[in-house]
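Let's take a friendly walk through a structure together. Have your viewer open and follow along.

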Amino acid sequence: MHQPAWKRWLQQNLGFASALLLLLTIYLVYNMLHPRGFSSAVAVQNANETAAIAFVAMAQTIPVLMGGLDLSVGAVMTLTNCIASEFVNGSPAEIVFGMIATLLAGTAFGLANGLIVVYGRIQPIIATLATGAIAIGLALIVRPKPGGDVDGDLGWALTNSVWDFADTYGLADGGDAWWLRPFADIPMPLIIVILVTVLVWVPFRRSVTGRTVYAIGSAEGAAFMSGLPIARAKIAAFTLAGFFAACGGLYLAIQTSSGNADLQQAGAYTLNSIAAVVLGGTSLLGGIGGAVASLVGAAILRVISFYFRILDIDPLLQPLIEGLVLLIAVSFGAIRTLRVKNKLDLFR
Amino acid sequence: MSQPIVEYRGISKYFAGVRALEKVDFSCRAGSIHGVLGENGAGKSTLIKIMAGVLRPDAGEMLLDGRPVSFAEPQAAADAGIVCMFQELSLVPDLSVADNISIARPPRRFGLIDRRAQVARAEALLARVRCEDIDPNALVRELSLSRRQMVEIAKALGRDPKVLILDEATSALTARDVQTVYDLLAELKAQGVASLFISHRMHEVDQLCDTLSVFRNGRHIETFAKGDKSERDIVRLMIGRDVEAQFPPKPAPVPAAERGAPLLSVQGLAWQNRLNGIDLAVHPGEIVGLGGLDGQGQKELLLALFGVLRDVEGAVVIGGRKGIPGSPAAARSGRTRIALVPEDRKTEGLMLAMPIADNLLAASFARISRGPFIDPARARKAVDDGIERLRIKTGSASDPVMTLSGGNQQKVVIAKWLMIDPDIVLLNDPTRGIDVGTKQEIYRLMRELANAGKAILFYSSDYAELIGCCDRVSVLYGGRVVSEKEGDQLTEEGLIAASLNIDVEAA
């Protein structure tokens, strides 16, 4: 008889399941230790600090699933952050236009990455290292000095709870409608991340293109022999990465009401995105994992940093501890290689 | 007689100047099961790869239903109704069975893959191949090789083939599954599907096919109806008359009783389901050949002895000591030193972009170093000796090894291993794809090594080579030694018959 569905799921998603369990545990303990734990205010603050890295981690996931790396995700986030700080203000129509323009810019940048990788036949890691530097350069042209202006109402509405959102725009009786009650305390950033995931990632995963991304990472030769659209999937993977990075940049602009072409910030986001992808249980070799797993990975990274604030640990220890956690987490993934029967397979 | 569904007209294909197919005219009809026979390297794979859109012919044209076609990629062939099941499976390991079965053309709903319909479709197709035990939601990597092969068959069925190509599609199947596939092929035949069946199992071909074609050296030799020729005739067609290569003289055979203690003795060697109890002994001064068709466990046997495989079972005695080395490093530096010239020189034998000198020294750095540092004078001398001993034609030892011809590259691999002065030399098809002159040098070298008291285990896909070089040949079939030939029994006919696991005398 076939295994029950939940057992099969657990078996096939062991990495993701353990990451999820880890996140739930450390976040629960965090709330118990926090003086104002389990409150909407803490959740809102945490969600705000997590949203940008969550988007960038999702962006990184798709090239990684294909067996590549995108070193430009942090830079594209920074670029779109600067673009948003220039355009997301004015009349409602102008604000909407600015948001669309920001997302389109990031998507277009990702498309360019994909075209370079596929038709330039350049390895993703080096192609995106170069285009990442270009993105930072463009960001510096758009915004030579930190600053900018983002619509204040929008900033308030999207970085607080659902009730605040409704209140700001006078929706649902100013947030007091009975049907909104159960959701009133949920942080808006969380809603946004979930919306983007459901509207973009889930359909992508269930398209032939999305499946091809997995197939390329798993066995590119078999994907080719099965007649899958390989070039299209590669271009789509980088394009989507650009879109998610732009979501991160747009959110950062809304959250901080400004843009900042900060090279170091871009680099840190890129490296953290790789860490988040791995922590979530996605294989760097490709084929296994997903963007939802990376959301969990990003959240784990952030929750670890939250601990420093409430436990009064020297912040200088933060990189050390984050590094140790990452190392321990990825060690579990290496257990698999102990089962390999032909040692030559380890090198393929 | 129905008209041919696929027809080749004068198709030729070359790889780096080497002929794989030469002016082949070939056709197969709808509603037939057509067996393709030939030795290793006869051109069977190239024949079907062209049909399946993986390779493009260099000359000639292919007709489908009487119209010329040219496929740019596998999908184009599949869309035209030519579905191929390759020896190397075309399944994606990290996707589910259902995903794989409907991989390129999944059922959709609102533009997205309809998973439920996909699972239902997989279940229906798996039921057709009587594999209800396979869970459509399982990942392919969780399945055994034989189950994967059945999934591959279900996947091929789901593409509604007009022409179905089975390349060694039954090699890993259980007896029950083989019967299922036979029934299925008979069913498809009744529906007018043309099946091309490539198998090294003679009795399968005999039982299943209605038409047979024999290929040899890239040429289509003959096509005939089943029953028109005896097995003996067919084997003769497969061998043809080849130009004899020059082999060094063999010493007079030593009777088994006088051989003394073997340097390498193997009993009941088993690994996964690729090796199923191999018994073998190699004495000092002896060249023992490994015969049989590709993929019968020869490569795994050599890898096992070299410490590459894990969890190998069986009793192995090397130079009087029990046990298999734990790794290639241990094999190389044990009391009885073992060298392996690997299957693929480009990935396992050489570091292509590195200089010839570094490649030559790769296995013997310990011998030319003082403390932690390489001694340049000794290194230079070792390199010069290696180049001279094998007469490697090189401009400079500092050139990257990829600038050499195939034959000289292989010499570098061999020279590298000779530097450690091995006691046992394992050779995995060392003459594949290299020129005749170098081949002869390798033959001579092998005999020199044997005369110097080394034990040599030599796998070759070329029967003439085995006959010309070896003192004895063990023929492998299904991970077992099925026959051991020496002296007068060591004939091409005998080897081929043993490879196919048939008895020519009885035929």
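This is a predicted model: local features need pLDDT of at least 70, side-chain atom pairs count only at pLDDT 80 or more; totals for chains, interfaces and linings use all residues.

Residues are numbered from 1 along each chain as its sequence is written, and chains are lettered from A and ligands numbered from 1 in the order in which they are written.

Let's begin with chain B. It has 17 helices and 24 strands (DSSP runs numbered from the N terminus: helices are H or I with at least four residues, strands are E with at least two). The radius of gyration of chain B, taken over C-alpha atoms, is 25 Å, close to the 23 Å from the globule rule for 507 residues, so chain B is as compact as a globular protein of that length. That rule is 2.2 Å times the number of residues to the power 0.38. Along the principal axes, the C-alpha atoms of chain B fill a box of roughly 70 × 55 × 45 Å. Of its 507 residues, 46% count as buried, meaning that 20 or more other C-beta atoms, placed from the backbone, lie within 10 Å of a residue's own. Among contacts in chain B (C-beta atoms, placed from the backbone, within 7 Å) with a separation of 6 or more, 68% link residues 24 or more positions apart.

Now zoom in on some strands, which pair if DSSP finds at least two bridges between them. In chain B, E1 (residues 4-15) runs antiparallel to E4 (residues 59-64), with 5 bridges joining them, and B:Val6 stands opposite B:Leu64 in E4(B). E4(B) is also joined by 3 bridges to the antiparallel E5(B), residues 67-69, where B:Pro68 stands opposite B:Leu63. The hairpin of E4(B) and E5(B) has 2 residues between the strands, and B:Asp65 takes a positive phi near 55° there.

Not counting residues up to four places away in sequence, B:Phe458 touches several residues, including B:Ile287, B:Leu427 and B:Cys469.

Finally, the contact between the chains takes 27 residues from chain A and 26 residues from chain B. On the side of chain A that touches chain B, H11(A) brings the largest share, 10 residues.

Methods: Two residues are in contact if their C-beta atoms, placed from the backbone, lie within 7 Å. A residue is buried if 20 or more other C-beta atoms lie within 10 Å of its own, exposed if 12 or fewer, and partly exposed in between; C-beta atoms are placed from the backbone.
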